[in-house]
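Reader: Can you walk me through some labels used for this protein? I'd like to see how each one is reached.

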Amino acid sequence: MSPDRQSADVQTLTADTLEDCRIVLGKRYGSNYDIIDRQNIEQKYGLFGLLRKPAVKVWFVSKSRPAPVVFSAGDEESQRAIKDEILRRAGKNITDIQIAEISNKVNEIAQSLQNLPRPATEERIESIDRICELLEDNEFTKEFISGITARLKKEFSLEDLNDFAKVERQVIDWIGESIQVAGPKAHRPPRVVVIVGPTGVGKTTTIGKLAAQNVMRRKKTPNAEPLSISLITIDKTRIGAEDQLKILGEVLELQVRKAENAEDLKTIFDSIKNDNDVIYIDTSGYSPNDSENIAKLKSTLNVDGLRPDIYLAVSADKKARDLRNIMQNYEPFGYSSVIVTKCDETTCFGNIISVLSEKRKAISYFTDGQVISRNIQKANVVDFLIRLSGFTVDRIHIEDKFGEK
């Protein structure tokens, strides 16, 4: 005889259909249960339980302890059974109707949150877009451009951002402030200048230009004592490098010597150091990825008492990625600053400005032609700013702000 509904052994379960009830009970008890009664009811759902739907309530008794519950995570029946099993084991007297109400309320809250108005995407600002286009046209790096735009958004009001002339003027100032120019250095004679860098950047020509600049400056200075200058080459890779330097030496009336290794360089240096004011050393050019030969070159320059000023020569027309690679792989030389060569072969300088700013390196000189007597200049911020393409540069303003005092 079936137990009465009021018996202590009788339990209840509510689900959408009788079959759903059987599925839940089967997963919980296997075949060890009996349904003793059932009733069609209306189940509340929706926010605050205002809506109703058909459901089935059953009364059942279990014949043994519940079988271990193994559920599949994906189907709805398993999810309902999991909820019921957790609540049953926790000893909570909560009906499936209440569980359904909770689930429905959670679902409706989630849906309401999805329907809330989303924050509008950041409004595009015309002046910033125009600045970004100008910087991209000048080949500034993405990192540099991001820094400029972030600073504009932080330091400018929306009203000021609508004044493009004001924005442009400030951006030019920020570009100028990012350029570090190497200052003069005090030296005890002899001053030793070494130029390193990849092949093809114009190291030998730059050596000649620096030497010619010193010679001509002394000739133009009344009553100035002539400088004693010597040229040394340790370039063993480029055919004709020694001959090129010798021609420069003849034009400038300077002696040129060649060192094959560190021992040769030490011997030459020791023999001329007391008789010269400046010694220029030309080096072999290697790929920035040729770490073995770069290390050998560094070892060759490791001469007691040499104390050189080492400059890295880089070409202005190199891509930012290549410039980073060159600067990184020549870092072991401890170069004091950078000489930017071949400025006449490009119209875009954002790449070199960006990478030098990123690497926190100063510029000493830039070259812009092949005439050794004049195509080299000490670096200055104004000359870089006036080369910006597409920008309206206030020459008087930048002269006042960045010109030599």
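Predicted model: local features only at pLDDT ≥ 70, side-chain atom pairs only at ≥ 80, totals over all residues.

Reader: Why is the pair Phe366 and Phe384 called edge-to-face?
Author: A ring pair is described by the distance of the centres and the angle of the planes. For Phe366 and Phe384 the centres are 5.6 Å apart, and pairing asks for centres within 6.5 Å. The planes stand at 65°; over 60 degrees counts as edge-to-face, so that is the label.

Reader: What parts does the pair of Phe366 and Phe384 tie together?
Author: Phe366 belongs to strand β10 (residues 363–367) and Phe384 to helix α14 (residues 381–385), so the pair links parts 18 residues apart in sequence.

Reader: What makes Phe366 count as buried?
Author: Its relative accessibility is 1%, and buried means under 20%, so Phe366 qualifies. Phe384, at 3%, counts as buried too. Across the 405 residues of the protein, 44% are buried.

Reader: How do you know that the charged end of Arg130 sits over the ring of Phe164?
Author: That charged end lies 3.6 Å from the ring centre, and the distance cut-off is within 6 Å. An angle condition, within 35 degrees of the ring normal, applies as well.

Reader: Which residue lies over the face of Tyr335?
Author: Lys361, at 4.5 Å from the ring centre.

Definitions and conventions: Residues numbered from 1 in each chain as written. Heavy atoms only, no water. Buried < 20%, exposed > 50% of the residue type's maximum accessible area, 1.4 Å probe, protein only. Phe/Tyr/Trp six-rings, centres within 6.5 Å; stacked < 30°, edge-to-face > 60°. Helix = DSSP H or I, 4+ residues; strand = E, 2+ residues; numbered from the N terminus.
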